[in-house]
Amino acid sequence: MKKEARQEIRRALLGRTEPAEDGRLVVLEKGQVSNLVYGVSDGAGAVRILGVRKKAKRLTVSCPEAKAREIAYKLMSEIGRVLYLSELPKAPACLIRYVVTRPSVLIFDYEDGVPVLSAWSGRGLTGWISNRRALSAFIQRMPGKLMSVSEQEPPKDRDLEREKAEKQAKKEAKKARKAAKKQKKKKNSGAAGAEASTEENA
């Protein structure tokens, strides 16, 4: 999943949403302010400070993709408030609020051609509980003849893996530059000391 999509999910969990004319929630763009007091306030602090966490399940679907999305959309409307994600326009999603635990964003989408159900919430003690509850709510409602949970792991997030690799490469490059600079400084210091010693002997 691209970074922009993850950022949009984060904004939804921060409460930066507003209702559209069709009743769905839409996520405000970065920097955009709504005049409506609407959204998720509980758990926003954890999202802002600690970030978001994800739990995903790979599904087995025995119907065409369009039909699967249609089914998922119906289930989302039963579980929470339907959410439109501009970065994932085809993906049925909803925002679920819980009384005790943190809110969760539930998404059904195809990743590398594989149907995946994912739940997102703020990191923290109760975030994983919210994600587990969100996934269970969808799975319990799935039509068994058309959808089931696969025993296989969902595909790895290639965009996230690439970002992590790039971040690690930058970190190692910075460390190498720092070490080289330190070595150069040590070498110059040693050369200066040797030159001073030669002058004293003379």
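1. Strands S6 and S7 form a hairpin in which two residues lie between them, and aspartate 112 in the turn has a positive phi of about 55°. Strands here are DSSP runs of E with at least two residues, helices are runs of H or I with at least four, and both are numbered from the N terminus. The model is a predicted one, in which local features need pLDDT of at least 70 and side-chain atom pairs count only at pLDDT 80 or more, while totals for chains, interfaces and linings use all residues. Residues are numbered from 1 along each chain as its sequence is written, and side-chain values use heavy atoms, with hydrogens and water left out.

2. S6 and S7 pair in the antiparallel sense over seven bridges; pairing requires that DSSP find at least two bridges between two strands. Within this pair, valine 105 stands opposite tryptophan 120 in S7. S7 is also joined to strand S3 (residues 52-61), again antiparallel, by seven bridges, and there valine 52 stands opposite glycine 122.

3. S7 is largely enclosed by the rest of the structure, because nine of its nine residues are buried. Buried denotes under 20% relative accessible area, exposed over 50%, and partly exposed the range in between (1.4 Å probe, protein chains only).

4. Serine 121 belongs to S7 (residues 114-122) and counts as buried because its relative accessibility is 0%. A polar atom of the serine 121 side chain lies 2.8 Å from the backbone oxygen of glycine 127. The side chain of serine 121 also makes a polar contact, at 3.3 Å, with the side chain of asparagine 131. A polar contact is a pair of N or O atoms within 3.5 Å; within protein, one must be able to donate a hydrogen and the other to accept it, and residues adjacent in sequence count only if both atoms are side-chain atoms.

5. The largest nonpolar core has 22 residues, of which Leu106, Phe108, Leu117 and Phe138 touch the most other members. Such a core is a set of buried Ala, Val, Leu, Ile, Met, Phe, Trp, Tyr and Cys residues joined through side-chain atoms within 4.5 Å. Two or more residues come from each of helix H3 (65-79), strand S5 (93-96), strand S6 (104-111), S7 and helix H4 (127-141). H3 gives the largest share, six residues.

6. Cysteine 63, at 14% relative accessibility, counts as buried, as does cysteine 94 at 0%. The count of disulfides (pairs of cysteine sulfur atoms within 2.5 Å) is zero.
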